[in-house]
Amino acid sequence: MSIQGHVFKYGANVDTDVIIPARYLNTAEPAELARHCMEDLDPSFISRVQPGDILVAGANFGCGSSREHAPVAIKASGISCVIAPSFARIFFRNAINMGLPILECTEAAEAIQNGDRVSVDFDTGRIENLTRGQTFTARPFPPFIRRIIEADGLMGTLRQLQGKGE
Amino acid sequence: MAMTLTQKILAAHAGLNAVEAGELIEAKLDLVLGNDVTAPPAIKVFEAAGLKTVFDPERIALVPDHFTPNKDIQSAEHCARMRRFARDKQLSHYYEQGEEGMGVEHVVLPENGLVAPGDAIIGADSHTCTYGALGAFATGVGSTDLAYAMATGKTWFRVPEAIRIQLSGQLKPGVTGKDVILHLIGQIGVDGALYQSLEFTGPGVAGLSMAERLTICNMAIEAGAKNGLFPVDDATRAYLAHYAPERVAKNDFTVYEADPDARYARTIQIDLAAIRQTVAFPHLPENTREIGSFDPIPVDQVVIGSCTNGRLEDLRLAAHWLKGRKVAKGLRLIILPGSQRVWREALKEGLFEIFTDAGAVVSAPTCGPCLGGHMGILAAGERCVSTTNRNFVGRMGHPKSEVYLAGVPVACASAVLGRVAGTDELDA
C-alpha cells in the first residue's frame with residue numbers, strides 16, 4: 001500500500017490542542033472535527049489540504065491529551081500519513097487504532113520541506129521525496145498493524161472478523 | 001530478571017514471572033475509566049461492534065466532568081449518551097452532578113477508594129497517570145482502546161523502561177509538589193520521558209504528602225511519560241485507610257517493589273530543598289522559570305483547581321495564602337473544588353468564606369476552563385496563571401491568550417498582586 005501527496009510541514013511538539021482544540025470536542029463527527037483541524041497552529045491548513053497530502057513534523061507529534069479526536073480530525077481532513085522523528089505515545093496508539101498511518105523517521109522529517117511532493121510505501125517503509133530526489137527508509141509496519149491500517153482502523157479489523165464469521 | 005516497579009505490576013497482570021522493556025504483553029485490568037469527552041465515542045464503537053455486555057460493571061468508571069454541568073446542547077447529548085450506557089450496563093461507578101463521589105475524574109477515583117497499590121488501570125484521559133501516586137500502574141489511552149477494555153477487561157501494552165527520579169531533602173515552605181514536577185519537566189523536556197515510566201524513589205519521598213504525589217504523577221504525561229509511580233509507604237497506607245477502607249479491610253491490594261538491581265534508562269537526582277517556586281511560561285510545560293527570574297507580567301485571571309491541584313489540601317493552601325488578602329482589582333480568581341467531597345469539606349472548614357472575602361468566585365467541580373471548555377475562557381491577549389497542567393496554544397480559550405502554569409501558592413500571590421508572583425512578595 002502506498003500513497004503520494006504534498007507536504008504540510010510543522011515544528012516539534014505539535015500538541016493535540018492545536019490539532020483539534022478542546023472547544024470543538026463537544027462533537028465526535030469526523031467531518032465536523034476536520035473543519036477545525038490544525039486551526040490554532042495554521043488557520044489556512046484546512047482550506048489548502050488535499051486528499052492524500054502528508055503531514056511532516058518535528059519530535060513528539062501529538063503530545064498532550066488522549067483525545068482520539070486528534071487522529072480522527074487529521075484523517076478526515078484528507079491527510080494520508082504523518083511522518084515525524086517521534087510521536088507522543090497515546091497519539092501513536094490512537095493513530096494506529098483509527099487507521100491513520102504514522103511513520104517514525106528522523107532523517108525524512110528533517111530533510112523534507114513544506115510543499116514537497118512525497119510518496120510513501122507502507123509495506124517497505126520507503127519514503128521518497130519526489131521534489132528533491134531523496135529517499136529515506138522508516139521501519140515498516142509489522143503485518144498486524146498493516147492489517148489495521150488497511151481495515152481503516154482497529155474496529156474495522158473486528159468487523160472483518162465478524163464478517164468472516166470468526 | 002530484575003524489574004522496575006512498573007514492570008513488576010505489568011508482569012503480574014500479564015500472568016508472567018518476568019517482563020522486559022520493549023516486550024508486548026496483554027494485561028488484565030483492575031479498573032477502566034472514561035469521561036464525557038472520551039466515553040461517547042467509545043460507546044459508539046462498543047455498540048457498532050455489536051457488543052452487549054461489559055466485562056465487569058464494578059470495574060468501569062464513567063465520570064461526566066469535562067463539559068459539565070452541561071455547557072451546551074451537544075455536550076448535554078454526550079453526557080446523556082454516557083448516562084444511558086451507564087444505566088443500561090448497571091455500572092456501579094457512574095457519578096452524577098451533585099452526588100457524593102462526583103467530581104473531576106482523577107480527584108474522585110482515589111477519593112472513592114477505587115485505586116490501590118498494585119492495580120493496573122487505563123483511562124481514556126491522558127492524566128490517568130495520576131494514580132501512580134498510590135503505587136498503581138495507570139496510563140491514558142484513546143476511546144477505541146477504552147471500548148475494547150470495557151468489553152474484555154484487557155488491553156495490550158509495550159513494557160516501558162523507566163527513568164528513576166531519586167528524591168532527597170525536604171521542600172522549603174511555600175514550595176509544593178507542583179514546583180517539583182514543573183522543575184523536572186523543565187529539566188528533561190516535554191518528551192524527556194517519551195514511552196518511559198517515571199519512577200520516584202529515595203529518602204525525599206517520605207516528606208511528600210499524598211496530595212503532592214498525586215500532583216507530581218498527574219503531570220508525568222507532560223514529560224511524555226507512560227506513567228509516573230511512587231513506592232508505597234506509611235503515607236500511602238494512611239491515605240488508603242481513610243479513602244479505601246473496604247479494600248484495606250479485605251486486604252485487596254498488592255504492594256510491589258522495584259528490584260534493587262533493576263536497570264533504568266537513567267537516574268536523575270533531585271534535592272527537594274533546592275527547588276524554588278516555579279512557573280511554566282506559554283506555550284509548553286517545559287518552559288519553566290523560577291519566581292524572581294523574570295520581569296513583571298500582568299495577569300487577567302487566575303484559576304485554582306483541576307485534576308492537578310483541586311484537592312482539599314490545595315484549597316486549604318489557597319485559603320492560607322488568601323486569608324485577609326484581596327484579589328487585585330480587575331483580576332478574576334476562579335476556584336474549582338475537585339470533587340463534591342472536597343467542596344463539602346471546604347465549605348465545612350470555612351474556606352469559601354475566605355475565598356469570597358478575597359473576591360474569588362467558587363465553581364461547581366468541573367474540568368471547565370483547564371481545557372478551554374467553559375467556566376473561565378480567555379479572550380485574545382489575556383493572561384492566566386493556572387494550577388492546571390497544560391499551557392498549549394489555545395488551551396484555555398483564544399489562541400492568542402496565554403497560560404502560566406504554577407502551584408497554588410504562586411497562583412494566590414499572582415491573584416493578589418495582579419502579576420505572576422511568588423509568595424515572598426506578599427506582605428506579611
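A pocket is an open set of grid points with protein on both sides within 12 Å along at least five of seven lines, and its lining residues have an atom within 4 Å of a point. With that in hand, let's explore this predicted model.

**The largest pocket**

The largest pocket holds about 810 Å³ of space. Its lining is made of 25 residues, and those nearest the centre are A:Phe92, A:Glu104, A:Arg139, B:Arg158 and B:Tyr195. Two or more lining residues come from each of helix H5 (89–98), strand E4 (102–104) and helix H7 (143–150) of chain A, and from strand E7 (154–158) of chain B. H5(A) gives the most, with four residues. Sorted by class, the lining has 16 nonpolar, two polar and seven charged residues.

In soluble globular proteins, nonpolar side chains tend to be buried together. Here the largest nonpolar core has 168 residues, and A:Phe61, A:Phe91, A:Ile127 and B:Leu198 have the most contacts inside it. Helix H14 (residues 408–417) of chain B gives the most to this core, with seven residues. Apart from this core lies another, of 37 residues, including B:Leu10 and B:Phe137.

Which residues does A:Phe91 touch, leaving aside its neighbours within four places in sequence? Among them are A:Ile19, A:Phe61, A:Pro71 and A:Ile102.

**The cysteines**

A search of the whole structure finds zero disulfides over all chains.

| Cysteine | Nearest cysteine sulfur | Distance |
|---|---|---|
| B:Cys307 | B:Cys370 | 6.2 Å |
| B:Cys412 | B:Cys384 | 13 Å |

B:Cys307 is buried, with a relative accessible area of 8%, and B:Cys412 is buried too, at 0%.

How values were computed: Residues are numbered from 1 along each chain as its sequence is written. Chains are lettered from A and ligands numbered from 1 in the order in which they are written. This is a predicted model: local features need pLDDT of at least 70, side-chain atom pairs count only at pLDDT 80 or more; totals for chains, interfaces and linings use all residues. Side-chain values use heavy atoms; hydrogens and water are left out. On a 1 Å grid over the protein atoms alone, a cavity is a set of points where a 1.4 Å probe fits but cannot get out, and a pocket is an open set with protein on both sides within 12 Å along at least five of seven lines; lining residues have an atom within 4 Å of a point. Grid points are joined across faces, edges and corners, and a volume is the space filled by probe spheres set on the points. Ala, Val, Leu, Ile, Met, Phe, Trp, Tyr, Cys and Pro count as nonpolar, Asp, Glu, Lys and Arg as charged, and the others, Gly among them, as polar. A nonpolar core is a set of buried Ala, Val, Leu, Ile, Met, Phe, Trp, Tyr and Cys residues joined through side-chain atoms within 4.5 Å. Buried means under 20% relative accessible area, exposed over 50%, partly exposed in between (1.4 Å probe, protein chains only). Contact means heavy atoms within 4.5 Å. A disulfide is a pair of cysteine sulfur atoms within 2.5 Å.
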